[in-house]
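Subject: Structure handover

Hello,

Please find the structure below. My notes on it follow.

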Amino acid sequence: MRQTRTKTIQEELVVCDRCRREMGPDAKDFELQERTAIRFRAGYGSVFGDGNLVEADICQHCLQEVFGKYLRITEDDGFDPQHKFSDEASRAYQEYQLQQVLATENFLRNFREAVQAKQQKD
Ligand SMILES: [Zn+2]
């Protein structure tokens with residue numbers, strides 16, 4: 001006997017803060033992977049206010065539309081990069097880069113805490 005059933009799935013989406021485009025985890029949809037996440041705490045003297053948290057999720061289309069004429073795009077091979085970033089600017093990431101940065105920061109924080117705990121114990 002054949003029957004049908006309705007499945008409800010819940011998935012996390014990221015919504016572009018400018019155009020409201022939904023960027024989902026669907027593997028065929030590259031929008032989520034290509035979004036730019038901005039997450040930083042403003043420093044002393046920042047136009048955003050000292051210590052304030054600044055965040056945005058911007059789809060690739062809005063990034064191109066708003067900043068396209070200011071972006072320097074260098075042809076390169078992602079699997080065999082020949083070009084490096086011109087400096088250590090590091091406050092805007094695409095999602096896959098952000099996860100790596102957050103994991104690294106988390107690792108370093110835990111490592112520092114473990115070292116401090118070991119030093120206090122000795
Ligand atoms: Zn957008």
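Is Phe111 buried, partly exposed or exposed? Phe111 is partly exposed, with a relative accessible area of 49% (buried means under 20%, exposed over 50%, partly exposed in between, with a 1.4 Å probe and protein chains only).

Some notes on the source. This is a predicted model, in which local features need pLDDT of at least 70 and side-chain atom pairs count only at pLDDT 80 or more, while totals for chains, interfaces and linings use all residues. Residues are numbered from 1 along each chain as its sequence is written, and side-chain values use heavy atoms, leaving out hydrogens and water.

Aromatic pairs

There are 2 aromatic pairs in the structure (rings of Phe, Tyr and Trp, the last by its six-membered ring, pair if their centres lie within 6.5 Å; planes under 30 degrees apart are stacked, over 60 edge-to-face, the rest tilted). Phe40 and Phe48 are edge-to-face, at 5.9 Å centre to centre and 70 degrees between the planes. Phe40 is buried at 15% relative accessible area, and Phe48 is partly exposed at 46%. The pair of Phe107 and Phe111 is stacked because the ring centres are 6.1 Å apart and the planes at 20 degrees. Phe107 is exposed, at 53% relative accessibility.

Nonpolar core

The largest nonpolar core has 8 residues: Val14, Cys16, Met23, Leu32, Ala56, Ile58, Cys59 and Cys62 (a core is a set of buried Ala, Val, Leu, Ile, Met, Phe, Trp, Tyr and Cys residues joined through side-chain atoms within 4.5 Å).

Regards
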